[in-house]
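Me: I have a structure open and want to go through it piece by piece. Can you help me read it?

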Amino acid sequence: MDFTPSEEQAAAQGLAARIFGDLSTHERLVAAGTGTDAGLWKELCTAGLPGAVEDIGLLGLVLLLEEQGRTTAQVPLAATCVYGLLAVAEHGTAEQRGRLLPALRDGTAVATGAFPARGGVRAVDGALYGVVPWVPWLRDASHVLVADAGRELWIVEVGAPGVNVVAVETTAPWSAGRLALDGVRGEPLGTGPGACAAVLAASRTAFAGLQAGVCAGSLARAVQHTTTREQFGRPLSTNQGVLLRAADAHMDTEAIRVTAYEAAWRRDRQLAHQAQALTAAWWASEAGRRVVHAGQHLHGGTGADLDHPVHRHFLWGRQLDAYLGCGAELLHELGLLIASDRVEGTP
């Protein structure tokens, strides 16, 4: 395996780092409140970054999301790319690709995904019924990709009759909403549960990459704080306990990053990757929680300030932990997948 970015991936990552670094400032995030930074989203789309994901693949998207996570930029990049662009490009018909992809590329359409963990949506003759308590970026979305209880995928226009969206505030400011479906006509995407499993694996990998960036940003802030803040006449970073805590956070962050890279790399090469996606999600959930707690703890009393930038990393890290799923549940699903592969003789 070679995770070295291609020339196109590296260029896209560099451009994303510059845009996020210039525009996703503390002041703009405060001004955005719990909503999306519309100006930043427009800048990303003008630069062609969402559309580039079709060419740079899931690994390229993970690299972009790392840069977003470092600054906790409030834009629906992960949701639009993984539930919209990549899902339609891989599983859509030629007509669906021609109709939906142009608007998703230029940002005039925003996609998200409703994948209830316990089958909260049922399909009856193409009509969808059910409630999903919260869906990320739903308040910004024009389309939502819904998985029903039978693991079939449906594209739903948010403004269609039978769709009700109620604003929901989550731990992180993700413009989330409660989705209620009452007989709305869905448009099928792909055939069979295989498409659902593929999109779910891609989303887990993408959001794990986002968590890697969140953790890297939290750790960078902790390093800056502990090397400049002095106690008893010396920097906090000279204390062994601080060094060990930061070192553990660094290793956890690297584990999240490398497992996300592996899952994305395998997906882009059309290799089996569902187990790797679950592994990345587990690391992002379990280790991500540890890292953002460490980042806040290493700031001491400053970390308790709700207005301090490091607290935003803490909120994002906990939200991603919840979104990716409980670690025990992910391990259970991974164990079932491994056992199934062994029974079927899959290498």
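Me: Is the crossing of α4 and α7 left-handed or right-handed?
Reply: The crossing of α4 and α7 is right-handed. That word means the near helix is turned clockwise from the far one by less than a right angle. Helices here are DSSP runs of H or I, at least four residues, and strands are runs of E, at least two, numbered from the N terminus.

Me: What kind of model is this?
Reply: This is a predicted model, where local features need pLDDT of at least 70, side-chain atom pairs count only at pLDDT 80 or more, and totals for chains, interfaces and linings use all residues. Residues are numbered from 1 along each chain as its sequence is written, and side-chain values use heavy atoms, with hydrogens and water left out.

Me: Back to the helices. At what angle do α4 and α7 pack?
Reply: Helix α4 (residues 49-71) and helix α7 (residues 193-228) pack at about 35°. Their axes are 7 Å apart. Axes are lines fitted to C-alpha atoms, for helices over the stretch in contact, and angles run from 0 to 180 degrees between N-to-C directions.

Me: Which residues meet there?
Reply: From α4 they include Leu58, Leu61 and Val62; from α7 they include Ala202, Ala206 and Gly209. Contact means heavy atoms within 4.5 Å. The residues of this contact divide into ten nonpolar, six polar and two charged.

Me: New topic. In what order do the strands of the open sheet run?
Reply: The four strands go β1-β4-β5-β8, with mixed pairing. Two strands pair if DSSP finds at least two bridges between them. The edge strands are β1 (111-114) and β8 (187-189).

Me: How many bridges join β1 to β4?
Reply: Four, and the two strands run parallel. Gly113 has Leu145 in β4 as its bridge partner. Helix α7 packs on this sheet too, touching β4, β5 (153-157) and β8.

Me: What about holes? How much space lies in the largest pocket?
Reply: About 850 Å³. A pocket is an open set of points on a 1 Å grid over the protein atoms alone, with protein on both sides within 12 Å along at least five of seven lines. Lining residues have an atom within 4 Å of a point. The lining has 19 nonpolar, four polar and six charged residues.

Me: And what volume has the largest cavity?
Reply: About 90 Å³. A cavity is a set of points where a 1.4 Å probe fits but cannot get out. Tyr83, His143 and Leu189 are among the residues that line the largest cavity.

Terms used. Ala, Val, Leu, Ile, Met, Phe, Trp, Tyr, Cys and Pro count as nonpolar, Asp, Glu, Lys and Arg as charged, and the others, Gly among them, as polar. Grid points are joined across faces, edges and corners, and a volume is the space filled by probe spheres set on the points.
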